[in-house]
Amino acid sequence: ISLNFLGTTLYASTVTGIYAYDVSDPAAPKLVGALPQYIWENEDVDIDPQRDLLFLSRDPRGFTSPASTEFPYGAVQVIDISNPLLMRQLSMTLIPSGHTTTCVDHCRYTWTAGPAASDLGPADWEGRPVFALDMRDPVHPVPCPHPIDEHRNDGVTDYTHDVQVDSQGIAWVSGSGGVRGYWVSGRHRNAATGRLQTAT
């Protein structure tokens, strides 16, 4: 369902687990490791190349079935991939979202978005915003205190789907109502207010 790379190793997030492939010969990929588990659904798996970590978000529907939203929480799993033959989970943290997960600020934090269903949070939410985890200690992630990317669709908090970070470190967030870019460190002008602010 989603892929990412660390050097010549490709990591595939699938319904049945995480699989590592040696793709040094792209014409002949070789399976080198697997971490079997049921995953529904992870549409963006991210990797910290400095610490050999894979960040996997678990959709709330992954705790029940794709057709159910009875369990409201998602999760982020941190997987040690320093040895693709012996991948192991370091932590799993429940959060109010879980569909895509992206490293921001050099993987000091993860931003997790989705799913679209809004059965958690204030009654006026039409979808789930982004929820962040402080990953400076990946064995003990710390939830950030407030959701990110609220009020994105004409003032309504709506479905945020995915985050991608550009070469300047700006986190670009796509979802209902359009695309927004967020500075995640340093002091910059806030495009919404025109004021200089320090990103936290």
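Two strands are said to pair if DSSP finds at least two bridges between them, and strands (E, at least two residues) are DSSP runs numbered from the N terminus. The model shown in these views is predicted, so local features need pLDDT of at least 70 and side-chain atom pairs count only at pLDDT 80 or more, while totals for chains, interfaces and linings use all residues. Residues are numbered from 1 along each chain as its sequence is written, and side-chain values use heavy atoms, with hydrogens and water left out.

**View 1. An open sheet of four strands, in the order E1-E2-E3-E4, has antiparallel pairing.** Strand E1 (2–6) and strand E4 (30–36) stand at the edges, and because each has a single partner strand, one side of each is left without a neighbour in the sheet. Neighbouring strands of this sheet are turned against each other by 20 degrees on average, with direction ignored; the angle is taken between axes, which are lines fitted to C-alpha atoms. E1 pairs with strand E2 (residues 9–14) in the antiparallel sense over five bridges, and Phe-5 stands opposite Leu-10 in E2.

**View 2. The largest nonpolar core has 13 residues.** A nonpolar core is a set of buried Ala, Val, Leu, Ile, Met, Phe, Trp, Tyr and Cys residues joined through side-chain atoms within 4.5 Å, where buried means under 20% relative accessible area, found with a 1.4 Å probe and protein chains only. Among the residues with the most contacts inside this core are Tyr-11, Ile-18 and Ile-79, and the elements that give two or more residues to the core are strand E3 (17–22) and strand E6 (53–58). A second, separate core of eleven residues includes Val-78, Cys-107, Phe-131 and Leu-133.

**View 3. The largest pocket holds about 1,000 Å³ of space.** On a 1 Å grid over the protein atoms alone, a pocket is an open set of points where a 1.4 Å probe fits, with protein on both sides within 12 Å along at least five of seven lines, and lining residues have an atom within 4 Å of a point. Of the 28 residues that line this pocket, the closest to its centre are Ile-148, Tyr-182, Trp-183, Asn-190 and Ala-199. The largest share of the lining, three residues, comes from strand E15.

**View 4. Leu-196 is found in strand E17 (residues 196–198).** Leu-196 counts as exposed because its relative accessibility is 55%, and exposed means over 50%. Leaving aside neighbours within four places in sequence, Leu-196 is in contact (heavy atoms within 4.5 Å) with Arg-187, His-188 and Arg-189.

Notes:
Axes fitted to C-alpha atoms, helices over the stretch in contact; angles between N-to-C directions. Points joined across faces, edges and corners; volume = space filled by probe spheres on them.
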